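Let us walk through a protein model one part at a time. Keep the picture in view as you read.

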Amino acid sequence: MDPRPALALFDLDDTLVRRRTSFIDAVTALCLEHGFGVEIRAWMLSELADRANADDFVRLRHEYALDCRAEPLWGEFVDRMANAVSCDPAVLQGLERLRADEWRIGIVANGASDVQRAKIGATGLADLVDGVAVSGDIDVRKPDARLFALAAARCHTCLSAEAWMTGDSPSADIAGGHQAGIRTIWVRGRSWPEGFMAPHHTVDCVTDAISYLLRDGCRHGEAGRARGAR
Ligand SMILES: [Mg+2]
């Protein structure tokens, strides 16, 4: 029987791509285009800072009695986010190396399906991953283990103790990975909250996480044992 493939799951925002700066750029461009003033810009930067979906633009329209319809405004925001977001070429190269090393690669992201998939497409990540699970697909958010299981299924495998989750959020990614019964790599950047179970490994950036997976990720795993035997 074939060994279970090595599985590396990744968070999207501020792990594989830089959301924070692209979000500010997208909001600024949208406000300029529509002549929105500082108050609306501040509302968007505050209300949409962690996540955004189509309903937020319905709220925005009502809050400020805007003339424009909410749906096309949301569509514009999605397009502008996709255009503004970037993925470090070193990350794309690292994922290529993981694939060459026979890893399955998945993305587990909270957020609206259309904006997350637009970003994954625009950055070139879509060509390098085997499966994507976005919370908007099934209305289940990280840290719920069901979203991790969906990502694994979309990578045509299943979760196991040898799989890995890499992300920047202690609550969504690391606690979620623990709940899903897989190993975790925290991309540090924010402070670690008290009382949370520690990650299995900590790095400064996702490229370091990929290097770690390539070097040590399969050492004790089923797939690693199979590779070692080759
Ligand atoms: Mg994140």
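Donors are N, O and S atoms within 2.8 Å of the metal (3.2 Å for Na, K and Ca), and because water is not among the atoms, sites may look incomplete. This is a predicted model, where local features need pLDDT of at least 70, side-chain atom pairs count only at pLDDT 80 or more, and totals for chains, interfaces and linings use all residues. Residues are numbered from 1 along each chain as its sequence is written, and side-chain values use heavy atoms, with hydrogens and water left out.

Start at the magnesium ion. Its protein donors are Asp11 (OD), Asp13 (O) and Asp168 (OD), at 2.1 to 2.2 Å. Along the sequence, their spacing reads D-x1-D-x154-D. Helices (H or I, at least four residues) and strands (E, at least two) are DSSP runs, numbered from the N terminus. Asp11 sits in the loop between strand 1 and helix 1 (19-34), and Asp168 in the loop between strand 4 (164-167) and helix 9 (170-179), so the pair ties together parts 157 residues apart in sequence.

Are these two residues buried or exposed? Buried means under 20% relative accessible area, exposed over 50%, and partly exposed in between (1.4 Å probe, protein chains only). Asp11 has 6% relative accessibility, so it counts as buried. Asp168, at 7%, is buried too.

Now follow helix 9. Of its 10 residues, 8 are buried, so this helix is largely enclosed by the rest of the structure. Among the buried ones are Pro170, Asp173 and His178. Contact means heavy atoms within 4.5 Å. The cover over the buried residues includes helix 8 (145-154), strand 4 and strand 5. After helix 9 comes Gly181, with a positive phi near 80°.

Next, look inside. A nonpolar core is a set of buried Ala, Val, Leu, Ile, Met, Phe, Trp, Tyr and Cys residues joined through side-chain atoms within 4.5 Å. The largest such core has 32 residues, and those with the most contacts inside it include Phe10, Leu95 and Leu125. Among the elements giving it two or more residues are strand 1 (6-10), helix 5 (89-100) and strand 2 (103-109). Helix 10 gives the largest share, 5 residues. Leaving aside neighbours within four places in sequence, Leu125 touches residues including Leu12, Leu16, Leu95 and Ile107. Another core, of 22 residues, lies apart from the largest one; Phe36, Met44, Ala52 and Trp74 are among its members.
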